[in-house]
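Dear colleague,

I am passing on the structure below, together with some notes on what turned up when I went through it. Please read the notes with the structure open beside them.

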4 protein chains.
Amino acid sequence: MHETETRAGWLSHDELRDARDRLPILYVNLVPVRVDEHSQVTSVGLLLRVTESGEFQRELVSGRVLYHERLRDAVLRHVERDLGPMALPQVPISPQPFAIAEYFPTPGVTPFHDPRQHAVALGYVVVLMGDCAAQGNALDLAWLTPEEAAELAVTPEMAGGHGVLLRQALAHLGHSV
Amino acid sequence: MHETETRAGWLSHDELRDARDRLPILYVNLVPVRVDEHSQVTSVGLLLRVTESGEFQRELVSGRVLYHERLRDAVLRHVERDLGPMALPQVPISPQPFAIAEYFPTPGVTPFHDPRQHAVALGYVVVLMGDCAAQGNALDLAWLTPEEAAELAVTPEMAGGHGVLLRQALAHLGHSV
Amino acid sequence: MHETETRAGWLSHDELRDARDRLPILYVNLVPVRVDEHSQVTSVGLLLRVTESGEFQRELVSGRVLYHERLRDAVLRHVERDLGPMALPQVPISPQPFAIAEYFPTPGVTPFHDPRQHAVALGYVVVLMGDCAAQGNALDLAWLTPEEAAELAVTPEMAGGHGVLLRQALAHLGHSV
Amino acid sequence: MHETETRAGWLSHDELRDARDRLPILYVNLVPVRVDEHSQVTSVGLLLRVTESGEFQRELVSGRVLYHERLRDAVLRHVERDLGPMALPQVPISPQPFAIAEYFPTPGVTPFHDPRQHAVALGYVVVLMGDCAAQGNALDLAWLTPEEAAELAVTPEMAGGHGVLLRQALAHLGHSV
């Protein structure tokens, strides 16, 4: 789960590091999709990043919920940060997430692993109506068919849990996984 | 639950009457809403009809699922039949309904009652992006705030279960009911 | 989806065949599980049947909802019919299914296929607390780990859609699929 | 939301106060219910507490998720803390909550208000099979019918959001609210 907070003032780097040693940190994990006129998913958007050790990773849109920030606003903020201001996301109408991902610093406790912290992510599918382009430190945004995305999700390119959550999202949308 | 099938050929009137004495009939019950840019519901659309005994009723969009019809197509067909061809509905991306309404011909078995039949309805919230106008034998389409809709839902104008399902929908969307 | 109605009187064989040519038929598809004290799934129960053409099939518990039958009663009836009177099933507390499976007589419309009919099944996970034994024309009941069940679900032994729904259930329960 | 952490070592009082000024704090909000053999809710359990200003409040079981604690363990821990070691709770089999409650320190942002902090609570219904008794600083545990609970939920005795979440839970369970 990559994260770049562009807004200052909530927590300094040191304070965030301290909190991460003490509390579960609340995240949203977002599965960007395009749909046809029947709302069937036609493609899934995945970000391409390079890790510090030089490996390519495919990722969902993901980030922290800030103090005094509504979940709906966190969804919009992270989509804009990663996919740009013209993405025209449809925030889900219900706050009920399709899944909860519990990322533990210790591998193997759950299918989700984040070496930096204990994070609990609310999973949402976000339909995009506009033009998307990878922003910030993402190298690329790729649109895959649901079948291609489901296959990529089980490869090492989607390690750590994003692949698991992606397949849970596809199952929730009625797809065969 | 009013119903006018404009397509012929699935079941004759007599055959449908027979089936209704023997089998639960599958329905969709749709809660039409408009949302703001954060996907918060700003208004709920309710149809006005006059019953055979001359009473005014406020209703959701509702209708049968036909043989060999996908649920997504049934949602689109019933929205177009009741709200017109310019309504631009967003079919829910997941087939999972927010609720199941079991309408029994015998009152009191569940909060849902349909004197004509045993119907099982899948409840969905449908966001409308376009222009809506009451069609067919609906007299009017009214847009109410979520609060107004929640109040109307407990009056005799929404008897039989549509009011119950409407409040369940508002609860699912995070509203206080 | 195998089905043996042990109660008479709702529909004759001929009438049911007629209805199946005209209407979607309402089903429940049930995923039997055992859980530990944290409600984590420890095993999934699958029925073994032999098809008319002599092939072995692994199946979920599945069956029609009858006229004037509540969904909760249909769940209990089908579990008792397939797993015996001592199975002590926990019916789900919410009527909201985890998934909807649309079985079409035409293959390929959805991942779900039933050559006999258009059936729409509400998917539920059912926790079993008691002693289960295959009943009727099921040859055996096997308890698999979630991982074993997920693997079996993609083989021809679970064709027609039960395997798809099983994996959707495991995803809904938080498992990696 | 009352809270007494009986385990030491995660955060000192001062550290928790600091974190509460900086981060949303993750909670679980639990609706304790008893069910009949069809899993229909027969009663809802509410805790009675006295606030610092001397008012009686009816509350759900609620508490923080600790660092490196699984959600399932947090559910069990808070039920045992409030209802005793013989309550025999059934943790929900799916981690998907029925609702998300966003408690803001500023009243009016959402229907949920907590003057101490920004808390995000995952809502779950927990079936209790054993003997429950109010523990710690709760004065009493009352079992109400779903109808009684729904009525109490809109009174000042359930201010701050627990009443809202309780009614959302009843709606999710298929009740008329």
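What follows is a short account of conventions, then of salt bridges, helix packing, the surface and backbone angles.

The model is predicted, so local features need pLDDT of at least 70 and side-chain atom pairs count only at pLDDT 80 or more, while totals for chains, interfaces and linings use all residues. Residues are numbered from 1 along each chain as its sequence is written, chains are lettered from A and ligands numbered from 1 in the order in which they are written, and side-chain values use heavy atoms, with hydrogens and water left out.

Salt bridges

Side chains of opposite charge can pair when their charged atoms come close. Over all chains, a search of the whole structure finds 28 salt bridges, a salt bridge being a side-chain nitrogen of Lys or Arg within 4 Å of a carboxyl oxygen of Asp or Glu. One of them is formed by Arg70(D) with Glu102(A), whose closest N and O atoms are 3.4 Å apart. Because Arg70(D) lies in the loop between β4 (61-64) and α2 (71-83) of chain D, and Glu102(A) in strand β6 (residues 99-104) of chain A, the pair joins two chains. Here and below, helices (H or I, at least four residues) and strands (E, at least two) are DSSP runs, numbered from the N terminus. Both Arg70(D) and Glu102(A) are buried, where buried means under 20% relative accessible area, exposed over 50%, and partly exposed in between (1.4 Å probe, protein chains only).

Another salt bridge is that of Arg70(C) with Glu102(B), with the closest N and O atoms 3.4 Å apart. This pair crosses between chains, running from the loop between β4 (61-64) and α2 (71-83) of chain C, where Arg70(C) is found, to strand β6 (residues 99-104) of chain B, which holds Glu102(B). Arg70(C) is buried at a relative accessible area of 17%, and Glu102(B) is buried at 5% relative accessibility.

Within chain D, the side chains of Arg49(D) and Glu59(D) meet in a salt bridge of 3.0 Å, N to O. The pair links distant parts of the chain, with Arg49(D) in strand β2 (residues 41-50) and Glu59(D) in strand β3 (residues 56-59), 10 residues apart. Both partners are buried, Arg49(D) with a relative accessible area of 5% and Glu59(D) with one of 11%. In chain A, salt bridges that share partners join Arg49(A), Glu59(A), Arg81(A) and Asp82(A) into one network.

Which residues of helix α1 (residues 13-20) of chain A are buried? They are Leu16(A), Ala19(A) and Arg20(A). Seen down the axis of α1(A), these buried residues fall within an arc of 100°, so they line one face of the helix; the arc is that of the directions from the helix axis to the C-beta atoms. What covers them includes β1 (25-35) and β4 (61-64) of chain A.

In chain C, Val164(C) is found in helix α4 (residues 162-172) and is buried at 15% relative accessibility. Leaving aside its neighbours within four places in sequence, Val164(C) is in contact (heavy atoms within 4.5 Å) with His175(A), Ser176(A), Pro111(C) and Phe112(C). Gln90(C), in strand β5 (residues 89-90) of chain C, is likewise buried, at 18% relative accessibility. Not counting residues up to four places away in sequence, Gln90(C) touches Val126(C), Val127(C), Met129(C), Ser39(D), Gln90(D) and Met129(D).

Cysteines

The structure holds 0 disulfides over all chains, a disulfide being a pair of cysteine sulfur atoms within 2.5 Å. Cys132(A) is buried, with a relative accessible area of 18%, and Cys132(B) counts as buried at 19%.

Backbone angles

Most residues other than glycine have a negative phi. Leu88(A), however, has a positive phi near 45°; this residue is found in the loop between α2 (71-83) and β5 (89-90) of chain A and counts as exposed at 52% relative accessibility. His68(B), which is not a glycine either, has a positive phi of about 65°. His68(B) is found in the loop between β4 (61-64) and α2 (71-83) of chain B, and counts as partly exposed at 33% relative accessibility.
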